[in-house]
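Could you walk me through this structure, one selection at a time? I have it open in my viewer and would like to know where to click and what I will find there.

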Protein chains: 2
Amino acid sequence: MSEPEKRDTSPDESAEKGPGFPNGGNPAKTKEDFDLAAIYVSDAQYNRNIYFDTSPQAVSLYLLYNHWLPRVLVYFFILVDMSLAVFEEPAVLPLPTWATMLVELLCLLVFTVRLVHYAKVIPRDKFWKDPKNICIICIVVLTLIDMIIYGALTATNCYALRWSRVLRPLLLVNVTEGRQLRRAFRSIRNALPEIFYVFLLFMFSVLIFSLMALKLLGKRGLKTMDGSPYFTNYLEIVFDLYVLVTTANSPDVMMPAYNASFIFTLFFILYIFINTYIFMSAFLAVVFNNYKKYLKEEVRQLVRAKRHKMVRAFAVLQERREEGGELVVTQANWNQLVRLVQPDISNAHRELLWSVCDDKNQGFIGKLAFVQLADLLNIEVITLKSRPHPLQSICPTLYLSAPSRLLCRLVQHRGFTIMYDVIILANAVFIGLDEENPMISNSEWVFLFLYLLEILLKLYVFEPRSFFSKHSFWNCLSTSQIISTRFDTIIVVSALIATIINSALKSVGGYTSRQILDIVFILRVLRLIRVVDSIGRFRTIINTLIRIGPAILTFGQLILVVYYIFAMVGMELFKEKVKFYDEDSNDPAKAYCGNPLLKGTTFAQLNYCKNNFNNVMSSFILLVELTVVNQWHVLSNGFATVTHVSARIFFVLFHILVVIVIINIFVSFVLEAFYVEYSVDKGDLQTSLERKIEELELAVAQEKLQDNLVNTMETIDNDLGAGQSPTANRPTLMFKIASKSKNSQNTGQDDVRIREQEECLEHRDAFILKGQDVGLCSVKISLRSRGTETAGPAPISC
Amino acid sequence: MSEPEKRDTSPDESAEKGPGFPNGGNPAKTKEDFDLAAIYVSDAQYNRNIYFDTSPQAVSLYLLYNHWLPRVLVYFFILVDMSLAVFEEPAVLPLPTWATMLVELLCLLVFTVRLVHYAKVIPRDKFWKDPKNICIICIVVLTLIDMIIYGALTATNCYALRWSRVLRPLLLVNVTEGRQLRRAFRSIRNALPEIFYVFLLFMFSVLIFSLMALKLLGKRGLKTMDGSPYFTNYLEIVFDLYVLVTTANSPDVMMPAYNASFIFTLFFILYIFINTYIFMSAFLAVVFNNYKKYLKEEVRQLVRAKRHKMVRAFAVLQERREEGGELVVTQANWNQLVRLVQPDISNAHRELLWSVCDDKNQGFIGKLAFVQLADLLNIEVITLKSRPHPLQSICPTLYLSAPSRLLCRLVQHRGFTIMYDVIILANAVFIGLDEENPMISNSEWVFLFLYLLEILLKLYVFEPRSFFSKHSFWNCLSTSQIISTRFDTIIVVSALIATIINSALKSVGGYTSRQILDIVFILRVLRLIRVVDSIGRFRTIINTLIRIGPAILTFGQLILVVYYIFAMVGMELFKEKVKFYDEDSNDPAKAYCGNPLLKGTTFAQLNYCKNNFNNVMSSFILLVELTVVNQWHVLSNGFATVTHVSARIFFVLFHILVVIVIINIFVSFVLEAFYVEYSVDKGDLQTSLERKIEELELAVAQEKLQDNLVNTMETIDNDLGAGQSPTANRPTLMFKIASKSKNSQNTGQDDVRIREQEECLEHRDAFILKGQDVGLCSVKISLRSRGTETAGPAPISC
């Protein structure tokens with residue numbers, strides 16, 4: 001987009017700039033002004049909440065601070081810092097202490113530099129008031145102290161402990177970019193009091209039931225499977241019944257009592273009903289309610305902060321058109337601002353946005369219209385160009401001949417898709433069969449040929465650039481289809497390459513690499529996923545699942561932080577207590593995991609030796625197993641046996657924190673996402689959204705903004721694209737703006753996305769019907785809501 | 001309430017009845033009219049939807065049909081019919097076949113009589129159109145056929161099967177009173193299509209992962225714990241991975257692969273993440289959304305049906321006051337109607353309701369005011385009378401003396417409650433200690449004495465009748481407290497009696513019955529529950545739990561129906577395949593549950609022999625264990641070993657139906673109940689309810705009714721009670737009706753209940769402050785919403 005700025009688009013603009021302008025008090029805006037305004041807009045767009053200094057130096061520093069490179073570097077070094085656990089004692093791949101120490105020092109240096117940079121950007125008092133800066137300083141200082149102590153102690157051969165390692169994941173939370181993670185932690189913190197009260201009641205119930213179990217069952221001289229007395233120790237009963245809540249020891253814990261009399265099962269059934277079903281549902285309910293409540297609050301704050309920033313940007317660029325008139329921003333200033341905020345924006349797109357803001361075509365906009373800019377920029381506009389197939393230009397007679405047209409029609413026919421679905425299913429059967437059979441292994445070539453043929457046929461029928469483009473026309477049906485077609489091509493081509501390599505290796509040396517075979521298998525199996533996408537009924541579900549993808553990353557970070565801390569503590573407590581012996585080893589210690597204390601325990605009997613805390617990798621896998629809950633009491637008892645019975649506290653704490661709190665928040669999140677998706681998917685889109693807004697009480701907050709958002713935009717351009725085609729670079733814009741005053745305020749983003757899908761469906765049919773008739777629908781700007789930053793589902797994340 | 005009707009309360013009433021009334025067209029209402037109207041109102045009140053014949057004979061039959069006795073009888077015989085399974089082969093307590101057959105015939109006769117009665121009540125075409133009647137006829141006929149076949153086959157010593165037993169629980173669903181159960185089944189049926197699509201996708205994912213597992217792990221020659229090849233059979237893998245979704249075989253199924261290389265754990269972690277966390281949450285989300293959606297729909301229909309019935313009742317009793325004037329119901333007719341509908345209603349209560357309807361005091365009411373009668377009758381009005389303590393009347397000087405007053409203040413002090421909480425906790429510790437110690441067993445007498453003292457002190461301070469009354473003044477704070485005080489008294493008295501009996505037995509013969517000891521223990525432990533109730537923070541949670549109580553009964557029936565069917569099928573499939581040997585038995589078959597096929601299986605190793613289908617009791621306990629999910633694969637594999645691998649289908653079906661569908665509906669129900677409770681509990685009650693109404697889209701439907709419900713009613717009566725005190729039987733009614741036009745329409749019931757709690761709180765303080773000042777606040781009518789019939793939580797069940 002290096003073409004000169006078209007100053008002539010707004011005729012009154014140059015007059016406005018003149019010194020003789022009526023009000024005379026509008027000094028030309030400096031580059032600094034534009035930089036500042038651009039930063040405000042960009043902050044509003046990405047929901048950044050940094051109160052930076054507005055001095056020109058600080059502004060340029062702030063621009064650098066927000067550059068992608070330092071941000072990626074910080075994350076890279078956090079990752080390096082955290083992955084040091086792989087190389088430190090107890091190590092997966094041991095490295096000398098000095099090497100890991102040096103790398104850690106480097107990481108600390110990077111974090112310090114980043115923090116100093118941040119301190120230069122924001123005012124001093126703000127810096128010291130921000131708890132996350134204090135946290136980072138503490139982490140860096142404590143880590144340094146720990147390293148010095150550790151170095152001194154190891155030098156004198158004393159026992160040394162790297163306790164500061166538990167602090168590492170906190171960097172992920174306290175780094176400026178960790179907004180979503182902080183939000184997730186806040187949401188947990190907010191839910192904690194309510195969860196705590198339910199938990200107290202739940203524990204009271206467990207204690208009372210334990211007391212009853214002790215009195216009712218303890219006196220009857222019953223024996224467990226291994227002959228030990230049954231239900232005689234109160235604390236053991238409490239633990240057993242706590243485990244029963246997680247259902248992990250059901251029905252084993254009940255069997256001795258049941259064998260004695262079936263009356264006792266009533267006790268256990270009542271217990272399970274109250275504690276597992278009622279209380280566990282109550283935990284989910286409490287977490288879900290809190291999640292919804294605070295999500296609403298967070299979104300409200302985000303919207304307020306965004307508006308505030310946009311008002312500041314307006315204040316920087318505002319001019320008074322006439323004495324006593326309202327403050328406005330001219331189109332020229334607006335254009336310059338948008339180009340600064342989004343340098344890669346196309347002219348057509350920018351003018352489209354302007355025409356949305358300036359709907360009365362006055363050449364300037366007021367505050368209300370200006371404020372919606374951040375939201376408008378967040379609506380991703382895709383410029384799609386439908387042009388003749390290259391073959392048509394090269395060889396029109398052949399391409400437009402009757403057989404060629406028939407082929408096109410055949411490929412575009414529904415039967416073509418169905419045929420390939422059948423082929424994929426047949427392929428699934430062949431994959432399942434024994435591949436040693438030469439006929440079956442050769443069938444793979446047939447399938448590969450068929451898949452390639454499909455791609456080539458599609459390339460023949462559809463314009464190649466649109467077929468491979470980032471947002472291809474063919475794919476505009478749904479998010480899942482976008483992913484599937486590109487995914488498909490990649491899979492087929494990779495499978496082809498892998499199969500060729502495999503065959504080459506086989507024919508050359510007779511040697512077949514297991515790894516390559518595995519990859520080929522996985523690629524073949526992944527191809528099967530395509531079938532799901534062609535069935536319309538699954539699309540809502542798949543769309544929801546894809547929609548929650550980005551937020552799952554936040555949950556991933558949350559889990560990583562908790563796992564890392566528990567892994568570090570666990571390694572210090574339990575390392576080398578349980579040993580794993582190789583399959584081939586003949587060591588008699590193998591039967592009891594190298595620890596005589598484990599002789600005869602369920603832990604050893606079930607061959608759980610590899611579930612240990614001997615390195616960070618094993619620890620993580622063990623923690624996953626604990627998250628899945630089943631058999632966690634066996635693991636917990638195993639580690640309690642080799643250390644002390646109080647080791648169970650570690651496992652119970654993990655269960656409470658991860659299973660009761662975090663997993664429930666995750667489930668709440670999925671529930672909410674499905675609720676939004678289903679209420680949006682069905683019937684009248686508008687009323688559903690309206691209901692959602694009202695439900696979240698955003699309606700009142702939004703009414704103040706009074707910004708009329710674009711609902712449908714569409715440009716019909718007679719040229720073959722703006723700026724790219726040299727023959728015509730002034731696109732004629734024809735916008736259809738259906739702005740509703742009532743209920744689509746600010747939450748419009750998702751609305752836009754859905755409406756766009758509807759539009760797309762219509763236009764796809766139109767396109768197929770019209771065939772080569774390019775002149776009519778050549779440029780189509782479809783809107784797609786870009787993934788926003790809140791942890792919640794899209795529609796309320798404005 | 002046999003006092004004569006006070007005709008003089010509305011002066012214009014007698015004039016209205018005169019034959020010379022202007023319009024002249026108002027014939028006196030006959031008894032039949034009142035009966036019919038009363039039935040309509042009563043049907044509206046209890047949400048009965050029976051289109052009965054309006055002929056006088058049918059109406060009186062219908063009255064008989066709705067009498068409590070035949071209804072209870074029908075439920076009793078259904079219970080008898082279902083409990084026949086205990087006595088039939090395979091029996092818990094064997095009875096001869098002819099005996100059970102005779103009882104079953106009697107049951108069938110009862111059901112037929114009831115059905116014939118129903119057929120007489122409603123029009124013939126309605127009867128044959130109703131699927132539930134057809135169902136009952138089918139069940140009766142099929143059962144008869146089955147009994148004949150079974151009799152014939154057993155007479156000829158052939159193998160016979162009582163297949164009609166699976167039909168028995170369907171009676172519970174199809175009986176007229178099983179409305180809530182039918183609603184629950186409808187809600188399941190409605191959710192099924194959505195669940196089915198998610199399930200297909202889920203199964204697709206399981207199948208794809210199984211294929212990958214087969215190809216990646218099957219070829220590596222890994223061995224499971226017992227040395228069999230690992231992941232080589234596709235169907236076995238599918239079953240294993242399905243079990244992994246339920247987490248029941250985690251981490252065991254992963255261990256062989258993990259022992260080979262930790263890379264393979266990635267496969268399992270990905271699998272668990274997608275299928276256990278994402279898909280299982282998706283199931284819950286889909287069920288939850290459907291539950292909310294159909295709950296809304298059901299409530300809307302209920303409200304519509306209720307209004308329809310009230311309009312019909314109005315049509316029966318309507319009169320035209322003047323030519324062309326609006327149709328009205330006079331107070332006399334209204335009074336007679338209310339007395340017919342609710343014979344035990346007090347005069348004060350009835351006049352209160354009238355004054356709510358006839359807020360302009362005209363002596364007649366129009367349609368809109370009449371329609372709200374059903375809702376008004378559903379609002380339980382409690383007449384509370386605060387009268388002087390009997391001791392005060394008997395011996396005023398002593399009771400009002402300074403020490404007595406001090407005692408009253410002490411007992412009413414907060415410290416008194418806290419002291420008793422501490423005593424209860426101390427008691428808990430003593431219960432936990434070894435009761436063989438004589439000091440500790442004697443301490444029980446001390447605690448019993450202390451509890452009795454508390455009750456006596458309270459009786460001294462508070463008026464005994466109010467202390468023991470159904471809705472005591474002291475208890476009006478919350479539902480949970482009502483239950484707790486009465487509960488408390490019962491528990492303490494029972495514990496006292498049981499302890500005395502126990503001691504008597506001990507001192508007489510030295511013999512202590514284990515059963516009596518158990519009962520004493522349970523009573524002692526139950527006493528501890530009181531502590532929870534005195535902590536205010538727990539009240540929201542406990543109130544919610546108590547509120548969902550009645551609906552849990554519906555779920556209980558639902559589970560009973562499903563369990564019964566599965567138990568019947570399971571008994572036919574698996575009876576006597578697994579045998580349980582007594583603890584003392586020395587039979588070598590005990591080690592493998594009497595079936596050599598089970599030798600060496602996990603089922604036998606874990607001593608699960610008593611988990612069998614050998615009688616209906618064992619079957620039910622086994623099904624509970626399957627519902628709890630853990631180790632269900634061991635049970636399933638056990639029964640597959642002794643029969644055929646396809647027996648797993650039975651267990652998988654049970655899992656899908658009970659765990660994926662029913663338990664999720666239960667969780668949805670708890671989620672919704674907590675949502676309502678929390679949104680009502682916090683902040684402005686009005687807005688929360690309003691939001692709830694709008695969320696359920698009831699707002700529009702309600703606006704049409706335009707009935708202004710009572711929000712707060714309060715009567716300050718200068719007399720000491722109406723009708724009961726002989727000195728004054730004309731209560732002066734002073735109602736304060738705060739009817740809001742805006743947002744409390746028809747959902748007002750819960751609103752009323754909550755407001756009442758607030759009122760109650762205020763008044764309780766007032767009462768305590770005022771001490772013996774009885775004149776000021778002598779009759780307080782507080783409103784309590786009666787448990788309504790919808791399966792959903794109260795506020796939306798209008």
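Start by selecting N157(B), in the loop between helix 7 (131–155) and helix 8 (168–174) of chain B. Bear in mind throughout that this is a predicted model. Is N157(B) buried or exposed? N157(B) has a relative accessible area of 72%, so it counts as exposed, the cut-off being over 50%. Its backbone deserves a look too: phi of N157(B) is near 60 degrees, a positive value in a residue other than glycine. Most residues other than glycine have a negative phi.

Next, switch to chain A and pick V629(A), in the loop between helix 29 and helix 30 (632–642). Here as well phi is positive, near 80 degrees, and the residue is not glycine. V629(A) has a relative accessibility of 10%, so it counts as buried, which means under 20%.

**Two cis peptide bonds**

Most peptide bonds are trans. For a cis one, select E89(A) and P90(A): the bond joining them has an omega of about -10 degrees. P90(A) sits in the loop between helix 4 and helix 5 of chain A. Then go to chain B, where a cis peptide bond joins S250(B) and P251(B), with omega about -5 degrees. You will find P251(B) in the loop between helix 10 (234–245) and helix 11 (255–260).

**Around E88(A)**

Go back to chain A and select E88(A), in the loop between helix 4 (68–83) and helix 5 (97–121). Its relative accessible area is 8%, so E88(A) is buried. What does the side chain of E88(A) make a polar contact with? The partner is the side chain of R165(A), at 2.8 Å. Leaving out residues up to four places away in sequence, E88(A) touches T100(A), E104(A), R162(A), R165(A) and R168(A).

T100(B) is buried, with a relative accessible area of 5%. Its side chain reaches the backbone oxygen of T97(B) at 2.9 Å. Not counting residues up to four places away in sequence, the residues T100(B) touches are L84(B), F87(B), E88(B) and L95(B).

**A helix residue and a loop residue**

Stay in chain B and select E444(B), in helix 21 (residues 438–461). At 4% relative accessibility, this residue is buried. Which residues does E444(B) touch, not counting those up to four places away in sequence? They are N427(B), T499(B), R524(B) and R527(B). E444(B) and R524(B) are 80 residues apart along the chain, and their C-alpha atoms are separated by 9.1 Å.

S585(A) is partly exposed, at 22% relative accessibility, and its side chain reaches the backbone nitrogen of D587(A) at 3.2 Å.

**The largest cavity**

Rolling a probe the size of a water molecule over the atoms shows where empty space is left. The largest cavity has a volume of about 1100 Å³. To centre your view on it, select T276(A), M280(A), T276(B), M280(B) and V659(B), the closest to its centre of the 38 lining residues. Helix 12 (263–317), helix 29 (616–628) and helix 31 (648–681) of chain A each give two or more residues to the lining, as do helix 12 (263–317), helix 29 (616–628) and helix 31 (648–681) of chain B. Colour the lining by type and you get 22 nonpolar residues, 16 polar and no charged.

**Zooming out**

Finally, show the whole of chain A, with its 34 helices and five strands. Of its 798 residues, 54% are buried.

Technical notes
Residues are numbered from 1 along each chain as its sequence is written. Chains are lettered from A and ligands numbered from 1 in the order in which they are written. This is a predicted model: local features need pLDDT of at least 70, side-chain atom pairs count only at pLDDT 80 or more; totals for chains, interfaces and linings use all residues. Side-chain values use heavy atoms; hydrogens and water are left out. Helices (H or I, at least four residues) and strands (E, at least two) are DSSP runs, numbered from the N terminus. Buried means under 20% relative accessible area, exposed over 50%, partly exposed in between (1.4 Å probe, protein chains only). A polar contact is a pair of N or O atoms within 3.5 Å; within protein, one must be able to donate a hydrogen and the other to accept it, and residues adjacent in sequence count only if both atoms are side-chain atoms. Contact means heavy atoms within 4.5 Å. On a 1 Å grid over the protein atoms alone, a cavity is a set of points where a 1.4 Å probe fits but cannot get out, and a pocket is an open set with protein on both sides within 12 Å along at least five of seven lines; lining residues have an atom within 4 Å of a point. Grid points are joined across faces, edges and corners, and a volume is the space filled by probe spheres set on the points. Ala, Val, Leu, Ile, Met, Phe, Trp, Tyr, Cys and Pro count as nonpolar, Asp, Glu, Lys and Arg as charged, and the others, Gly among them, as polar.
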